Amino acid sequence: MASLLLEIGTEELPAAFCPAALAQLGQLITTSLQDWHFDALPCQGFATPRRLGVLVRDLPPRQKDQVKEHKGPPAQQAFHQGNPTPAAQGFARRWGLAVEDLTVRTTPKGEFVFAEVPQPGQTTEALLGKAIPGWIAAIQGKRLMRWGTGTQRFSRPIRWLVALLDDELLPVELEQTSPVVAAQANSYGPRRGWRCDPLPIATAEAYEASLRKAGIIPDRQQRQAHIRRLIERKAAELGSVPQLKPALLEELTDLVEAPGLIVGRMEERFLSLPAEVSAMEMVTHQRYVPLFQAPADPLALDAHGVLDLHFLAITNASPLADAALITQGNERVLRARLADGAFFYDQDRSQLLEDYLPRLEGVTFAVGLGSLKDRTDRLIRQAQAMAMALQQQNGAIQLNQQALSRAALLCKADLVTQMVGEFPELQGVMGAKYAMASGEGPQVAEAIREHYLPSGADDPLPASDLGRVLALSERLELLVSIFATGQRPSGSSDPFALRRAGNGLLHILVDCGWSLNLVTLLEAASKQAAKDFSKLTVNPATLLADLLAFLQQRLRTLLADLGLDYDVIDAVAAETRDPATLLQDPVDVVCRGRLLQRLRGSGALAPIQTVVQRAARLAEKGDLQRHQCNPRDCVDASLFSSPSEEAVSASLEALAPLSRARDQDGYERLLTGLGMLSPRLQAFFDGEDSVMVMAPDPEVRRNRLNLLAVLRNQALVIADFSRLSG
């Protein structure tokens, strides 16, 4: 068995290209190995900014001999009275066989002649020599380039190629490159100024050790772990906490191949900037790691006592580099960046946040939807309606209506400031700070900051009631407005992030446990949209139906994210084909789903499920409406002929008040009661006092079916148990 080493040496690759290209290369190799009928083989990938590599172990010396089967003419045409016809002779001659070597087989379309042609296996060396150029040519990415006079396309020019089978050099050439690149047994070490030294690779298995000896960490995961250790160790020495988000760590991993670390220092005067601004400058423009001495107050106007003056930068280590000179260069670049930030900050604060509102009229929100000023007006109206609905359904919520209206008025004003123009990621963050600088209250400022949350999967949810209401209103207004234009998310296309808006709306409701009738709000908003967007000819009924269907799917996605089984989701979220029923209280749906999932995990759901499903199957033969949950209203006790009927009816009557419960405690008590029905239902069906449900007397039969239907209906308050598996 042999090991293959393939290394594609390039000029510095874009960071985003490396992981995707390495995954593609691995898949291309796996596909070829399968085509060659090789077994699944261990494969290790390597990626740095200047090389993509792969090591495949346990390759056999050659393919196994194969027999390839070729289908020929129908047997009736190939043979006549047992003698071969010209058709059979020609088919045999085509594949170099005698007529006697042909076989006849029965297929779904009748009997046909087949030729079995032996195919000797090729050597692994020959297979690889042909395949490697094709693998490289098949790697795709954004903005591929050609260089020189060649036609080869790659993310950056290919400068060398290593292709070894154990210690044997494979005869591979990339004929379309300029100049032509031929395989060699030399890689190259880290850059030293403008040159880099050859790095001999004795064998395929020696590759990683050879690069490590030169200071390169070729394994991407190991390099990432090393970078994390460098940062965390140095931050600990400085008594600070690094702000190292996953996206930055991923990018740093693909920017260097021989990681080193330098410690820079910014000027103390820049602590007058908010910590978020300085950190954004460091990360977005320079890929530095900011250091914090304490958690940042989101409403603070400067970074004193929060941001460490030191910052960390990951570089390619080089013994010839002047570390002090590199550090000075990084500090000088950051100084210019922070000076720009300070200028924007001072300019933005030269006027009140409210003074930016007129500028919103000059910014188009979306085609057909007016300006950001128009959107602000809609948002104010929606926030007021949202607050009223929440207070009606959740009496304990106390909202400062004046502060809410003020926050809704100002929440988009920072979009026309210079700082947010430079860093759109700081929208809301800067709005809150400018609100504080303008003398607005902390409640208003916090709501402005929080109304964008969550903007991503890892973001926290709003913590204040005003922030939650404004965030809910902003998402609902966005959904209604964009849907009114006829635009819908499709496939991977979602330019207005409507899925994220729907997910955020539901996540916020679930997080704070607020009951909210989304149907009523959406119905009113759809009617208002028809008035606001008269040129779009909005049909309120169609708009409402589309929004409800969209949010029903988002609700199912949320339930899946919470870890619910798919049949549990079906049971609680598909209990009706009408999405309006589900969206009258999404939190209630989540409550019921979590309860069923917890009971399933403890084993308590199975006996309840057995009771309900047995009764429900028979109840479907009747005609009792599903809202009937009390046997007193639909069951005639005078028709009972057995104590078992009386016992089941008495139990269901006792549970009837719980069928009106809309909280976890009520649901748990109802499910417990349904589970305790098991022995009584067993006696009803199979005991000494059992009855025949489908009795000959139509009145008795209907009475017994109604009894079982009441049990089914009480269970339907929680879920459609017929959708539960197992």
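User: To start, among contacts in the chain between residues at least 6 apart in sequence, what percentage join residues at least 24 apart? After that, please zoom in on the loop that holds Gln-584, between helix 20 and helix 21.

Analyst: Happy to! Please keep in mind that this is a predicted model. For contacts between residues at least 6 apart in sequence, 70% join residues at least 24 apart.

Here is the wider setting. The chain has 26 helices and 18 strands. Its radius of gyration is 35 Å, well over the 27 Å that the globule rule gives for 726 residues, so the chain is more spread out than a compact globule. Along the principal axes, the C-alpha atoms fill a box of roughly 100 × 95 × 55 Å. Buried residues account for 50% of the 726 residues.

Now to your loop. Gln-584 sits between helix 20 (579–582) and helix 21 (586–602). With a relative accessible area of 40%, Gln-584 is partly exposed, because the partly exposed class runs between the 20% limit for buried and the 50% limit for exposed. Setting aside neighbours within four places in sequence, Gln-584 is in contact with Gln-393, Leu-516, Asn-517, Leu-518 and Val-519. Thr-520 is 64 residues from Gln-584 in sequence, and their C-alpha atoms are 7.8 Å apart in space.

One of those contacts leads on to the core: Leu-518 touches Gln-584, and Leu-518 is also among the residues with the most contacts inside the largest nonpolar core, together with Leu-674 and Phe-721. That core has 155 residues, and its largest share, twelve residues, comes from helix 15 (residues 465–484). As background, nonpolar side chains tend to be buried together in soluble globular proteins. Phe-721 has contacts that include Leu-596, Leu-605, Ile-608 and Leu-671, leaving aside its neighbours within four places in sequence.

Not counting residues up to four places away in sequence, Pro-298 touches Glu-276, Lys-433, Glu-446 and Arg-449. Pro-298 and Phe-533 are 235 residues apart in sequence, with 37 Å between their C-alpha atoms.

Terms used. Residues are numbered from 1 along each chain as its sequence is written. This is a predicted model: local features need pLDDT of at least 70, side-chain atom pairs count only at pLDDT 80 or more; totals for chains, interfaces and linings use all residues. Side-chain values use heavy atoms; hydrogens and water are left out. Helices (H or I, at least four residues) and strands (E, at least two) are DSSP runs, numbered from the N terminus. The radius of gyration is taken over C-alpha atoms; the globule rule is 2.2 Å times the number of residues to the power 0.38. Buried means under 20% relative accessible area, exposed over 50%, partly exposed in between (1.4 Å probe, protein chains only). Contact means heavy atoms within 4.5 Å. A nonpolar core is a set of buried Ala, Val, Leu, Ile, Met, Phe, Trp, Tyr and Cys residues joined through side-chain atoms within 4.5 Å.
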